[in-house]
Amino acid sequence: MRVVSLVPSLTEAIAVSLPGVVVGATDWCSHPPDLDVTRVGGTKNPKLDPILALAPDLVIANEEENREPDLTALREAGVEVLVTEVRDVPRAFAELARVLDACGAPSRPRWLDEAEQAWARLPDPEGRMTAVVPIWRRPWMVLGRDTFAGDVLSRLGVDHAYAAHAERYPRVTLDELRSTAPDVVVLPDEPYRFTPADGPEAFTGLPCALVSGRHLTWYGPSLGEAPRVLGAALRAARR
């Protein structure tokens with residue numbers, strides 16, 4: 001089986017479960033750190049000719065991360081494309097199992113069972129907090145409705161202010177973000193790389209939690225430690 005993955009978290013999931021199966025991945029596929037495969041461009045602008053030159057049996061994509069015209073072009077060139085849709089934690093586990101099965105996994109990997117158990121055993125939050133979750137600045141964009149990251153936070157006791165917004169990733173002015181007066185501002189390090197010096201200064205007087213984007217937005221092996229890692233970052237921000 002030869003697989004090209006256009007989804008960073010799924011690249012990691014396949015590579016750690018089926019070594020040698022992934023032959024091509026995007027420039028953003030950073031895990032596992034020792035991944036040595038042909039790079040085929042970005043998630044939004046994959047290079048189709050290099051993908052076709054790899055003669056993949058399957059291309060793995062996601063309805064949110066990848067563009068339909070690129071996937072259509074691959075199908076028209078005779079390549080099988082599997083497209084995932086992940087909007088919450090349970091669906092992430094179902095799609096991971098589907099992807100690994102399609103890639104030839106003889107059995108369900110142990111890490112997937114352990115990750116699912118970590119979320120199933122997650123205790124009810126002792127209390128809930130409100131949040132805004134910027135994912136970009138210039139312009140400011142935040143988590144909106146129906147997102148995987150929003151469901152992750154909800155299960156950890158965080159209700160983000162734009163969960164009922166008409167858009168999934170609305171553009172919002174900074175003044176509007178500040179006016180929501182959340183209990184915490186959650187600042188991930190991807191897709192925009194918020195850092196202690198780039199992000200918190202815009203929310204003076206509000207607690208800011210700098211969190212791992214991989215644990216907040218990726219659905220793969222990182223799911224197993226995400227409750228602990230994200231929970232610790234959120235608690236630290238409220239101290």
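# A guided tour of the predicted model

Begin with the open sheet of five strands, ordered S3-S2-S1-S4-S5 and with parallel pairing. Strands here are DSSP runs (E, at least two residues), as helices are (H or I, at least four), and both are numbered from the N terminus; two strands pair if DSSP finds at least two bridges between them. The structure is a predicted model, in which local features need pLDDT of at least 70 and side-chain atom pairs count only at pLDDT 80 or more, while totals for chains, interfaces and linings use all residues. Residues are numbered from 1 along each chain as its sequence is written, and side-chain values use heavy atoms, with hydrogens and water left out.

Select strand S3 (38-39) and strand S5 (81-84), which stand at the edges. Each has a single partner strand, so one side of each is left without a neighbour in the sheet. Next, select strand S1 (residues 3-5) and strand S4 (residues 58-62), which run parallel and are joined by three bridges. Here Val4 stands opposite Val59 in S4. Strands of a sheet pair through backbone hydrogen bonds, either parallel or antiparallel.

**Strand S6 and its partners**

Move to strand S6 (residues 129-132), which runs parallel to strand S9 (residues 158-160) and is joined to S9 by three bridges. Thr130 is the residue that stands opposite Asp159 in S9. S6 also runs parallel to S10, with two bridges between them. Ala131 has Val184 in S10 as its bridge partner.

**The aromatic rings**

Now display the aromatic side chains; five aromatic pairs are found in the whole structure. Rings of Phe, Tyr and Trp (its six-membered ring) pair if their centres lie within 6.5 Å; planes under 30 degrees apart count as stacked, over 60 as edge-to-face and the rest as tilted. Trp136 and Tyr192 make an edge-to-face pair, 5.4 Å centre to centre with 80° between the planes. Trp136 lies in strand S7 (residues 134-136), and Tyr192 in the loop between strand S10 (184-188) and strand S11 (208-211), so the pair ties together parts that are 56 residues apart in sequence. Trp136 is partly exposed, with a relative accessible area of 35%, whereas Tyr192 is buried at 11%. Buried means under 20% relative accessible area, exposed over 50%, and partly exposed in between (1.4 Å probe, protein chains only).

Select Trp140 and Phe203 next: their ring centres are 5.5 Å apart and their planes stand at 80°, so this pair is edge-to-face. Trp140 is in the loop between S7 and strand S8 (141-142), and Phe203 in the loop between S10 and S11; the pair links distant parts of the chain, 63 residues apart. Both Trp140 and Phe203 are buried. To see the cluster linked by ring pairs, select Trp136, Trp140, Tyr192, Phe194 and Phe203 together.

The largest pocket has a volume of about 930 Å³. On a 1 Å grid over the protein atoms alone, a pocket is an open set of points where a 1.4 Å probe fits, with protein on both sides within 12 Å along at least five of seven lines; lining residues have an atom within 4 Å of a point. Grid points are joined across faces, edges and corners, and a volume is the space filled by probe spheres set on the points. To find the centre, select Thr43, Glu65, Glu190, Pro191 and Thr217, the closest to it of the 25 lining residues. The elements that give two or more residues to this lining are helix H1 (8-17), S7 and helix H6 (148-155).

Turn to the second largest pocket, which holds about 490 Å³ of space. Among its 18 lining residues, Pro125, Glu126, Leu156, Gly231 and Arg235 are the closest to the centre. Helix H9 (residues 226-238) gives the most to this lining, with six residues.

**The cysteines and a last stop**

Select Cys29 and Cys103. A search of the whole structure finds zero disulfides (a disulfide is a pair of cysteine sulfur atoms within 2.5 Å). The sulfur of Cys29 is 13 Å from the closest cysteine sulfur, in Cys103, too far for a bond. Cys29 is buried, with a relative accessible area of 1%, and Cys103 is buried at 2%.

Finish at Pro32, in the loop between strand S2 (22-25) and S3. Pro32 is buried, with a relative accessible area of 14%. From Pro32 to Gly213 the C-alpha to C-alpha distance is 15 Å, although the two are 181 residues apart in sequence.
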